[in-house]
Amino acid sequence: MFDRIDHVGIAVEAIDPALALYEGSFEMKLVHREVVEEQGVEAVLLDLGENHIELLQPLSPDTPVGRFLERSGPGMHHIAYQVSDIDSELERLRAAGIKLIDDQPRVGIRGSLVAFAHPKYTGGVLTEIVQPAEDH
Ligand code: ZN
């Protein structure tokens, strides 16, 4: 079972100019900034109640987010659902016939465990499953 929306991921060309909108105009609080080498991004998290907005800047054009920007331009990239037991959730999704991009959970932003499901199996929406670090 998904507990709630953890965050919405948004691809940007560059984080700092994007913060003018999210911190400045939208008045969201920047709570975390990190380079996630494994995903080829620099990312920030902004608080929005119990949820977050995640801004993603590619480390190079030859990364998943870099290719996304090339293909689609800046904008919504993925939705992330929070779970308390990622292993059993991935098992459940596989059993439901949903193909996963990540066979095993990997370390995501802020020490979370994450895995992506293939958008072909999720109605065109790139879907991330997140188990926050606090829970493991
Ligand atoms: Zn994400």
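Me: What should I keep in mind about numbering and about the limits of the model?

Reply: Residues are numbered from 1 along each chain as its sequence is written, and side-chain values use heavy atoms, with hydrogens and water left out. Because this is a predicted model, local features need pLDDT of at least 70 and side-chain atom pairs count only at pLDDT 80 or more, whereas totals for chains, interfaces and linings use all residues.

Me: Which residues coordinate the zinc ion?

Reply: Donors are N, O and S atoms within 2.8 Å of the metal (3.2 Å for Na, K and Ca), and water is not among the atoms, so sites may look incomplete. Here the zinc ion is coordinated at 2.0 to 2.2 Å by His 7 (NE2), Glu 54 (OE), His 78 (NE2) and Glu 128 (OE), and along the chain these donors follow the spacing H-x46-E-x23-H-x49-E. His 78 in strand β5 (residues 75-82) and Glu 128 in strand β8 (residues 127-131) link distant parts of the chain, being 50 residues apart; helices (H or I, at least four residues) and strands (E, at least two) are DSSP runs, numbered from the N terminus.

Me: Why is the arrangement around the zinc ion irregular?

Reply: Four donors count as tetrahedral if all angles lie between 85 and 135 degrees; four count as square planar and six as octahedral if opposite donors are over 155 degrees apart and all others between 65 and 115; anything else is irregular. The 4 donor atoms around the zinc ion subtend angles of 85 to 171 degrees, which makes the arrangement irregular.

Me: Are His 78 and Glu 128 buried or exposed?

Reply: Buried means under 20% relative accessible area, exposed over 50%, and partly exposed in between (1.4 Å probe, protein chains only). Both His 78 and Glu 128 are buried. Leu 90, in helix α3 (residues 86-95), also counts as buried, because its relative accessibility is 2%.

Me: Which residues of helix α2 are buried, and which are exposed on the face turned away from them?

Reply: In helix α2 (residues 64-72) the buried residues are Val 65, Gly 66, Phe 68 and Leu 69. They cover an arc of only 160 degrees around the axis, which puts them on the same side of α2, the arc being that of the directions from the helix axis to the C-beta atoms. The face turned away from this buried side carries the exposed residues Pro 64, Glu 70 and Arg 71.

Me: How many cavities of 30 Å³ or more does a search find, and what lines the largest?

Reply: On a 1 Å grid over the protein atoms alone, a cavity is a set of points where a 1.4 Å probe fits but cannot get out, and a pocket is an open set with protein on both sides within 12 Å along at least five of seven lines; lining residues have an atom within 4 Å of a point. The search of the whole structure finds 1 cavity of 30 Å³ or more, and the residues lining the largest cavity include Glu 54, His 78, Phe 116 and Glu 128.

Me: Which element gives the most to the lining of the largest pocket?

Reply: Helix α2 gives the most, with 4 residues. Of the 16 residues that line the largest pocket, the closest to its centre are Pro 64, Val 65, His 77, Ile 101 and Leu 126. In the second largest pocket, strand β1 (residues 4-11) provides the largest share of the lining, 3 residues.

Methods
Grid points are joined across faces, edges and corners, and a volume is the space filled by probe spheres set on the points.
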